[in-house]
Amino acid sequence: MKKLIFAVILMTITWSAFAQETIFRKNAKGVLESVEFSAEDKEATIPASAEIFFKDMLKAKPTDEFRKVQRRQKQKEFVREHFEQYCNGVKIEGAGYNFHDKNGKMYFAHGHYVDVSSVNTKPSITGHEAMTRFAKYKNIPKKGIKDYMAELIIKEI
């Protein structure tokens, strides 16, 4: 009986100690994928805003830009924000971060960051040239094209 009580006490101490740590998860490239913040963790500072997270924790480059996507909030005490990543004004497909706050304090951040600091974002062809080349590739006659849309994006492959 004493062993069982000791085991329960030890498990309780272990669980409470584990719950007080801020948990950082990184991908295979060493890029921060998620952070689960603990208010009890005195070692880790919880960022006051997404901008501070990008600068201090993610170490975003000067060419990086994160644009907030507006969402309706259903609950006042829980706020969720989503930011998409851009580089020199060009959207990076599938890149961005989500932030979860409770009562004005960040408790979880997760997402996907793409380092595109070495990417040239100046297009080598115009939107019209892209349409013409695509039409030729697909054997679509030019007079059959009434309208088109061209958008420059960066995609991590």
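User: What makes Phe-134, Tyr-137 and Ile-140 a nonpolar patch on the surface?

Analyst: A patch is made of residues with over 30% relative accessible area and no salt bridge, where like charges are joined within 9 Å and nonpolar side chains (Val, Leu, Ile, Met, Phe, Trp, Tyr) within 5 Å. Phe-134, Tyr-137 and Ile-140 form such a nonpolar patch, and together they have about 370 Å² of accessible area, a value that comes from the Shrake-Rupley method with a 1.4 Å probe, where for residues only the protein chains shown count as cover. Phe-134 lies in helix α3, residues 127-137; helices (H or I, at least four residues) and strands (E, at least two) are DSSP runs, numbered from the N terminus. This is a predicted model, in which local features need pLDDT of at least 70 and side-chain atom pairs count only at pLDDT 80 or more, while totals for chains, interfaces and linings use all residues. Residues are numbered from 1 along each chain as its sequence is written, and side-chain values use heavy atoms, with hydrogens and water left out.

User: How do you know that Arg-133 and Glu-129 meet in a salt bridge?

Analyst: A salt bridge is a side-chain nitrogen of Lys or Arg within 4 Å of a carboxyl oxygen of Asp or Glu, and the side chains of Arg-133 and Glu-129 meet at 3.8 Å, N to O, so the pair qualifies. Because they are four residues apart in helix α3, about one helical turn separates them.

User: What makes Lys-68 and Glu-81 a pair that ties parts together?

Analyst: Their closest N and O atoms are 2.8 Å apart, which gives a salt bridge. Lys-68 lies in strand β3 and Glu-81 in strand β4, so the bridge links parts that are 13 residues apart in sequence. A search of the whole structure finds seven salt bridges.

User: Why is Lys-59 called exposed, and what is noted about its phi?

Analyst: Buried means under 20% relative accessible area, exposed over 50%, and partly exposed in between (1.4 Å probe, protein chains only). Lys-59 has 54% relative accessibility, so it counts as exposed. Most residues other than glycine have a negative phi, whereas Lys-59, which is not a glycine, has a positive phi of about 60°. Lys-59 is found in the loop between α2 and β3 (64-69).

User: Why is Asn-88 called partly exposed?

Analyst: Its relative accessibility is 48%, so Asn-88 counts as partly exposed. Asn-88 sits in the loop between β4 (78-87) and β5, and its phi, near 50°, is also positive in a residue other than glycine.

User: How do you know that the buried residues of α2 are on the same side?

Analyst: The buried residues of α2 are Ala-50, Phe-53 and Phe-54. They cover an arc of only 95° around the axis, and therefore lie on the same side of α2; the arc is that of the directions from the helix axis to the C-beta atoms. The face turned away from this buried side carries the exposed residues Glu-51 and Lys-55, and Lys-55 is called exposed because its relative accessibility is 63%.

User: What makes a set of residues a nonpolar core, and which residues touch the most other members of the largest one?

Analyst: A nonpolar core is a set of buried Ala, Val, Leu, Ile, Met, Phe, Trp, Tyr and Cys residues joined through side-chain atoms within 4.5 Å. The largest has 15 residues, and those that touch the most other members include Phe-37, Phe-53 and Leu-58. Its largest share, three residues, comes from α2.
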